[in-house]
Amino acid sequence: LLKETEQRAAELAVINTIQQGIAGSLDFQGIVEVVGDKLCEVLGSRSVKIRWIDEATGLVHYLYEISDGVRIFPPPKPQLPGGIYQTMARTRAPVVFRDARDWEAINAPTLPGATPSRSAAYVPIILADRLCGTLGCSDHERENAFGEAEVRLLTTIAGAMATALDNARLFEETQRLLKETEQR
């Protein structure tokens, strides 16, 4: 019970740190950077991924991609049939890769420039009841590195991030409309 309480307290500290980082920001990419940097820092993770799905084109945009400690900038790619994004859009549930067999089962190739992971956890970023992105961490050394606690933490952060990103989007849209009105 003490161990579980300590684990929950640590999770809440991580969530609090991230929420403080995004609380005052109304910049979309700024929020993404804060969340990614804070996750790397507080989790000690060398692989954090924040991805966004363009609803109009169906392309996946890699907003924040660190693979084994190296920041990479892959170009947008189409969603793969039967892959992680289609699975999450259908189930609205996290996807956890425990080992190589799980990677093969869901059609999840390694990005160019990225190091293959031994295990990973991805959670959906849901806005207005639709999958708009994913938040994930991976481990390049261990299989079964992500359990219930890590998935719960990522899910909570993804929820807070979704709200902050939606606020940023609405703020940007309001600013655009205000400029248009002023020009007229």
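Ala, Val, Leu, Ile, Met, Phe, Trp, Tyr, Cys and Pro count here as nonpolar, Asp, Glu, Lys and Arg as charged, and the others, Gly among them, as polar. These legends describe a predicted model, in which local features need pLDDT of at least 70 and side-chain atom pairs count only at pLDDT 80 or more, while totals for chains, interfaces and linings use all residues. Residues are numbered from 1 along each chain as its sequence is written, and side-chain values use heavy atoms, with hydrogens and water left out.

**View A. The second largest pocket.** This pocket has a volume of about 320 Å³. On a 1 Å grid over the protein atoms alone, a pocket is an open set of points where a 1.4 Å probe fits, with protein on both sides within 12 Å along at least five of seven lines; lining residues have an atom within 4 Å of a point. The volume is the space filled by probe spheres set on the points, which are joined across faces, edges and corners. Of its 17 lining residues, G44, S45, S138, D139 and R142 lie nearest the centre. By class, the lining divides into six nonpolar, five polar and six charged residues.

**View B. The largest pocket.** Here the volume is about 480 Å³. The lining has 27 residues, and R51, A108, P109, T110 and L111 lie nearest the centre. β2 gives the most to this lining, with four residues. Sorted by class, the lining holds 15 nonpolar, eight polar and four charged residues.

View C. The 16 residues of α2 (residues 28–43) should span 22 Å at 1.5 Å a residue, and the end C-alpha atoms are 23 Å apart, which agrees; the expected span is 1.5 Å times one less than the number of residues. Among the buried residues of α2 are I31, V35 and L39 (buried means under 20% relative accessible area with a 1.4 Å probe, protein chains only). G44 follows α2 and has a positive phi, near 65°.

**View D. Two aromatic pairs.** The structure holds two such pairs, with Phe, Tyr or Trp (six-membered) ring centres within 6.5 Å, and planes over 60 degrees apart count as edge-to-face. The rings of F28 and W52 have centres 5.1 Å apart and planes at 85°, so this pair is edge-to-face. F28 lies in helix α2 and W52 in strand β1, so the pair ties together parts 24 residues apart in sequence. For F97 and Y122, the ring centres are 6.1 Å apart and the planes at 85°, so this pair is edge-to-face. Both F97 and Y122 are buried.

Conventions: Helix = DSSP H or I, 4+ residues; strand = E, 2+ residues; numbered from the N terminus. Buried < 20%, exposed > 50% of the residue type's maximum accessible area, 1.4 Å probe, protein only. Phe/Tyr/Trp six-rings, centres within 6.5 Å; stacked < 30°, edge-to-face > 60°.
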